[in-house]
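Let's take a friendly walk through a protein model. Have a look at the sequence and the 3D view before reading on.

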Amino acid sequence: MNHLIAPSVLAADFANLQRDITMVNESEADWFHIDIMDGVFVPNISFGFPVLEAIRKYAGKPLDVHLMITDPDRYLEAFAKAGASVITVHYEACPHLHRTIAAIKDLGCKAGVALNPHTPVHLLEDIIQDVDLVLIMSVNPGFGGQKFIQRTFEKIRTLKLMAAERNNSLLVEVDGGVNLSNAGKLLSCGANVLVAGNFVFTANDPKSVISDLKNLTPGLIGV
Ligand SMILES: O=C(CO)[C@@H](O)[C@H](O)COP(=O)(O)O
């Protein structure tokens, strides 16, 4: 499949949110990446349902909702109702992950599981066949604009090997510090969804940055 680009709205200008949403609508991006942070699972609070509903009102592309919250089961239905197409929960926040993934699918959404940088890919061995997406965090979650962790490349390769045996259609998403100097290598390691926040929204020409990420050939840049 061609890879997907998901600009992270956390890096948008919230005083000009409609303008930034329109920019993403008009760009070659595929999804809106929406970071929900509760100040408990991660040391930051982002935004909740009123903002998500405002984004949904103008967004012309699927909402890829990344829940950095404890006990996400409490809110799955509300996020589905608020317009999420993909709901990703953290492995580290879900004691009954199999049940949580089933609940997301029952709501008609794609189900994803995210791994913090310290969480090994092999822990997904008994769930990888049940998820639509694995999100590999390439920074510690909680903030945009952090430095990409190099170990991520190897994690994606390992995940890809596991997926080849157990889930060929798995979406492999990478999030944190993604830019044009690491994106080509991420694609060649097996990533097929790139999240980018600051690299897109602080650019002089965000649409052309999105286009550059979308039209990358795996491995040609940043290997
Ligand atoms: O989930 C997160 C941070 O916790 C990310 O989605 C960031 O929002 C990505 O931002 P950049 O690192 O690309 O600026």
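## Around the ligand

A residue counts as near a molecule if its C-beta atom, placed from the backbone, lies within 6 Å of it. Keep in mind that this is a predicted model. In this model, 22 residues surround the ligand, and the closest are S8, P141, G144, G197 and N198.

What classes of residue make up the shell around the ligand? There are nine nonpolar, eleven polar and two charged residues. Strand 2 (32-37), strand 8 (193-196) and helix 7 (198-201) each give the shell at least two residues.

Strand 1 pairs with strand 8 in the parallel sense, over four bridges. If you look for the bridge partner of A6 in strand 8, you will find V195.

## Two helices that cross

Two packed helices are described by the angle between their axes and the distance between the axes. Helix 1 (residues 17-26) packs against helix 2 (residues 49-58) at an angle of about 45°, and their axes are 9 Å apart. Because of that angle, helix 1 is oblique to helix 2. Their crossing is right-handed.

## A residue in a loop

Now find L180, in the loop between strand 7 (171-175) and helix 6 (183-189). Is L180 buried or partly exposed? L180 counts as partly exposed because it has 14 C-beta neighbours inside 10 Å. L180 and I210 are 30 residues apart along the chain, and their C-alpha atoms are separated by 10.0 Å.

Conventions: Residues are numbered from 1 along each chain as its sequence is written. This is a predicted model: local features need pLDDT of at least 70, side-chain atom pairs count only at pLDDT 80 or more; totals for chains, interfaces and linings use all residues. Ala, Val, Leu, Ile, Met, Phe, Trp, Tyr, Cys and Pro count as nonpolar, Asp, Glu, Lys and Arg as charged, and the others, Gly among them, as polar. Two strands pair if DSSP finds at least two bridges between them. Axes are lines fitted to C-alpha atoms, for helices over the stretch in contact, and angles run from 0 to 180 degrees between N-to-C directions. Angles under 35 degrees count as roughly parallel, over 145 as roughly antiparallel, 65 to 115 as roughly perpendicular and the rest as oblique. A crossing is left-handed if the near helix is turned anticlockwise from the far one by less than a right angle, and right-handed if clockwise. A residue is buried if 20 or more other C-beta atoms lie within 10 Å of its own, exposed if 12 or fewer, and partly exposed in between; C-beta atoms are placed from the backbone.
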